[in-house]
Amino acid sequence: MLTRIDHIGIACRNLDETVEFYRSTYGFEVHHTEVNEEQGVREAMLKINGTSDGAASYLQLLEPIREDSPVGKWLAKNGEGVHHIAFGTADVDADAAAIRDKGVRVLYDEPRTGSMGSRITFLHPKDCHGVLTELVTSATEH
Ligand code: CMX
Ligand code: CO
């Protein structure tokens, strides 16, 4: 079951400048940063609020480390902005399988590693009314 908005993914050209915008404009602080080589991004997670199940909601700021990565390609075409939304679930495997059975393309056969040791998969935006949609089980939940 999808129980929360885990994060909103935002594509940016310069992670440090974008982090500073969110800090100075809204007061959001960086909770975690990492490079995810497989996804081709350098990223910062800004924690917005904790939830009762031990997980949380974040903004995920994403700077591409390769032009041919999903975020690099998207930035070249669209410029900076909202890249994807991510729903949180305690069981990404079960939810991905159930959604695949409804005819929506799930991009990975098995969930891959996302921010902070989470397990993630994606639904094709063309099957989701134009929204690239991620499913996340946080490390605290698996
Ligand atoms: N939101 C909405 N539509 C998108 C999109 C996005 N983020 N990215 C691509 N599309 C659309 C394109 O506009 C294009 O539409 P048209 O054919 O109408 O022009 C179509 O999808 C194909 O786009 P493309 O540029 O040719 O890109 P690809 O097909 O090579 O890749 C996708 C698209 C979704 C398969 C790829 O972006 C992907 O695998 N995404 C999942 C991984 C990811 O995004 N990782 C970064 C985030 C990591 C994290 O969150 O931790
Ligand atoms: Co994400």
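A polar contact is a pair of N or O atoms within 3.5 Å. The views below come from a predicted model.

**View 1. Polar side chains at ligand 1.** A polar side-chain atom of His84 lies 3.0 Å from an oxygen atom of ligand 1, so the pair falls within the 3.5 Å limit. For Lys126, a polar side-chain atom is found 2.7 Å from an oxygen atom of ligand 1. In the side chain of Gln60, an N or O atom is 3.1 Å from an oxygen atom of ligand 1. Taken alone, ligand 1 exposes 970 Å², and the protein buries 70% of that area.

**View 2. The shell around ligand 1.** Ligand 1 is surrounded by 18 residues, and the closest are Gln39, Lys73, Lys77, His83 and Lys126. By class, nine residues of this shell are nonpolar, five are polar and four are charged. The space that ligand 1 takes up is the largest pocket.

**View 3. Helix and strands that supply the shell.** At least two shell residues come from each of α2 (70-78), β5 (81-89) and β7 (119-123). The largest share is that of α2, which supplies five residues.

**View 4. The cobalt ion (ligand 2) and its protein donors.** The protein donors are His7 through NE2, Gln60 through OE1, His84 through NE2 and Glu134 through OE, lying 2.1 Å from the ion. Along the chain, the donors of the cobalt ion follow the spacing H-x52-Q-x23-H-x49-E. His7 belongs to strand β1 (residues 2-11) and Gln60 to strand β4 (residues 56-64). These two residues are 53 residues apart, and the pair links distant parts of the chain.

Technical notes:
Residues numbered from 1 in each chain as written. Chains lettered and ligands numbered in written order. Predicted model: local features only at pLDDT ≥ 70, side-chain atom pairs only at ≥ 80, totals over all residues. Heavy atoms only, no water. Near = heavy atom within 4 Å. Polar contact = N/O pair within 3.5 Å; in protein donor to acceptor, adjacent residues only side chain to side chain. Areas by Shrake-Rupley, 256 points an atom, 1.4 Å probe, with all protein chains shown as cover. 1 Å grid on protein atoms, 1.4 Å probe; cavity = no way out; pocket = protein on both sides within 12 Å on 5 of 7 lines; lining within 4 Å. Sits in = over half its atoms within 2 Å of the grid points. Helix = DSSP H or I, 4+ residues; strand = E, 2+ residues; numbered from the N terminus. Nonpolar A, V, L, I, M, F, W, Y, C, P; charged D, E, K, R; others polar. Donors = N, O, S within 2.8 Å, 3.2 Å for Na, K, Ca; no water.
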